[in-house]
Amino acid sequence: MGQQATGAEAYLPEGGGLAALREAVDGCRGCGLYRDATQAVFGAGPAGARLLLAGEQPGDAEDRRGAPFVGPAGRVLDDALEAAGIPRDEAYVTNVVKHFKFTRDARGSRRIHRTPSRTEVVACRPWLDAEIAAVGPEVVVCLGATAAKAVLGPGFRVTRERGRLLPLPDAPGDGPSVLATVHPSSVLRSDPEQRRAAFDALVEDLRVVAP
Ligand code: URA
Ligand code: SF4
């Protein structure tokens, strides 16, 4: 699919912090994903948060409500943070892609998640970079392969390097670390008899960055 993407750069405000970014993001036309989505979903949480958690993109619930991780995956994330001893208000939660990418099922009633392309992830990256600069976290936690590849490069393998503190590529020496783990929705997708273990492994990774 030869979709074009000019990138988000031209749509970023000059300054003004998180509030200005949040206001501007809905006007972004940096790739084609704005066309079918309800709205852009920006990050949520305190400026100055110690942790910045990045998922893939808004899901169906997030697209409707305009907030990240408020659907089924968000409930798994909340439970995992709690089990890891991480207060939710220590985390700024966002996604590497700000608009929901989906197809409709045959009847046209259900919207089914589609993984964003590398082009779309790269196009959207300026928003994430601006959030990282505005929040100034100690650690960027990548939830799932799309976020990990967006931040650590397309060759990164979550299965091999999950749960380890790594340097953020291209950041100054005092920049944040990065830790990658699985996406909370992978816990929901795993076989019922493996779900507990998948959840526990997510919690164990998150504990690495607990206070
Ligand atoms: N999945 C994500 O990656 N992000 C959300 O905000 C919701 C589900
Ligand atoms: Fe802009 Fe990102 Fe939305 Fe594409 S997905 S239009 S780059 S905010």
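How many cavities of 30 Å³ or more does the count come to? One cavity. A cavity here is a set of points, on a 1 Å grid over the protein atoms alone, where a 1.4 Å probe fits but cannot get out. This is a predicted model, in which local features need pLDDT of at least 70 and side-chain atom pairs count only at pLDDT 80 or more, while totals for chains, interfaces and linings use all residues. Residues are numbered from 1 along each chain as its sequence is written, chains are lettered from A and ligands numbered from 1 in the order in which they are written, and side-chain values use heavy atoms, with hydrogens and water left out.

The largest cavity holds about 100 Å³ of space, where a volume is the space filled by probe spheres set on the points, and grid points are joined across faces, edges and corners. Its lining has 14 residues, and Cys28, Gly30, Cys31, His99 and Cys124 are the closest to its centre. To be in a lining, a residue needs an atom within 4 Å of a point. Helix 4, residues 118-135, gives the most to this lining, with three residues. Helices are DSSP runs of H or I with at least four residues, strands are runs of E with at least two, and both are numbered from the N terminus.

What takes up the space of the largest cavity? Ligand 2 does. A molecule sits in a cavity or pocket if more than half of its atoms lie within 2 Å of its grid points. Around ligand 2 are Cys28, Gly30, Cys31, Tyr34, Val97, Lys98, His99, Ala123, Cys124 and Trp127, each with a heavy atom within 4 Å of it.

Now the largest pocket. A pocket is an open set with protein on both sides within 12 Å along at least five of seven lines. The largest one has a volume of about 650 Å³. Of its 26 lining residues, Gly59, Ala73, His113, His183 and Ser185 are the closest to the centre.

The space of the largest pocket is taken by ligand 1. Residues around ligand 1 include Gly55, Gln57, Pro68 and His183. Which residue has a side-chain N or O atom 2.7 Å from a nitrogen atom of ligand 1? That is Asn95. Polar contacts are pairs of N or O atoms within 3.5 Å. On the backbone side, a polar atom of Glu56 is 2.8 Å from an oxygen atom of ligand 1, and an N or O atom of Phe69 is 2.9 Å from an oxygen atom of ligand 1. Ligand 1 taken alone exposes 240 Å², of which the protein buries 93%, using the Shrake-Rupley method with a 1.4 Å probe.

Conventions. A polar contact is a pair of N or O atoms within 3.5 Å; within protein, one must be able to donate a hydrogen and the other to accept it, and residues adjacent in sequence count only if both atoms are side-chain atoms.
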